[in-house]
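Colleague: Could you walk me through this one? I would like to start with the aromatic rings and then move on to other parts.

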Amino acid sequence: MKPALDPREWVFCCVDRSFPIHEARALLMFRENEGITVIIERHIAEEHDLEYTFLSRRITLRVESDLASVGFTAALTAALAKHTIAANVVSGFYHDHLFVPIDRGEEALRVLEELSAQTARRVL
């Protein structure tokens, strides 16, 4: 999986359609009926006086993932759940990204590295 921990602090915000999303340099934008969810860096949310939730670190799995795979993200979140680590998973075209509580980032990285090592041993 080659997980990598991003040093930046990320937050989830909900903005309305009038918010200039391009100024927020959103990592992710998702439109829902209730509003637009954006994942942005904490300092940007604070610069725009946005309310935010889930102060997090991002772990990127640096292997290309298949958007149609079955059970991959379930295995990841199950491993983290055994350590009571919450995770919000976002799948991009090429990689999966897990947002974990900021104070659990290093621990989550170790859990995913161990899962990756276990999987590699089973394959060999």
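**Aromatic pairs and other contacts**

Modeller: The count comes to three aromatic pairs, where rings of Phe, Tyr and Trp (its six-membered ring) pair if their centres lie within 6.5 Å, and planes under 30 degrees apart count as stacked, over 60 as edge-to-face and the rest as tilted. One of them is Phe 12 with Phe 99, an edge-to-face pair at 5.7 Å centre to centre with 85° between the planes.

Colleague: Which parts of the chain does that pair link?

Modeller: Distant ones, since Phe 12 lies in strand 2 and Phe 99 in strand 7 (residues 96-101), 87 residues apart. Helices (H or I, at least four residues) and strands (E, at least two) are DSSP runs, numbered from the N terminus.

Colleague: And is Phe 99 buried or exposed?

Modeller: Phe 99 counts as buried at 2% relative accessibility, and Phe 12 is buried as well, with a relative accessible area of 17%. Buried means under 20% relative accessible area, exposed over 50%, and partly exposed in between (1.4 Å probe, protein chains only).

Colleague: Which residues form the aromatic cluster?

Modeller: Phe 12, Phe 54 and Phe 99 form one aromatic cluster.

Colleague: Before we go on, what kind of model is this?

Modeller: This is a predicted model, in which local features need pLDDT of at least 70 and side-chain atom pairs count only at pLDDT 80 or more, while totals for chains, interfaces and linings use all residues. Residues are numbered from 1 along each chain as its sequence is written, and side-chain values use heavy atoms, with hydrogens and water left out.

Colleague: Switching to helix 3, which residues are buried there?

Modeller: In helix 3 (residues 72-81), the buried residues are Leu 76, Ala 79 and Leu 80. Seen down the axis of helix 3, they fall within an arc of 100°, so they line one face of the helix; the arc is that of the directions from the helix axis to the C-beta atoms.

Colleague: Where is Arg 17, and what is Arg 17 in contact with?

Modeller: Arg 17 sits in the loop between strand 2 (10-15) and helix 1 (21-24), and counts as exposed at 57% relative accessibility. Leaving aside its neighbours within four places in sequence, Arg 17 is in contact (heavy atoms within 4.5 Å) with Arg 31, Glu 32 and Ile 36.

Colleague: Last one: how exposed is Ala 117?

Modeller: Ala 117, which lies in helix 4 (residues 105-123), is partly exposed, with a relative accessible area of 28%. The C-alpha atoms of Ala 117 and Lys 2 are separated by 9.7 Å, although these residues are 115 residues apart along the chain.
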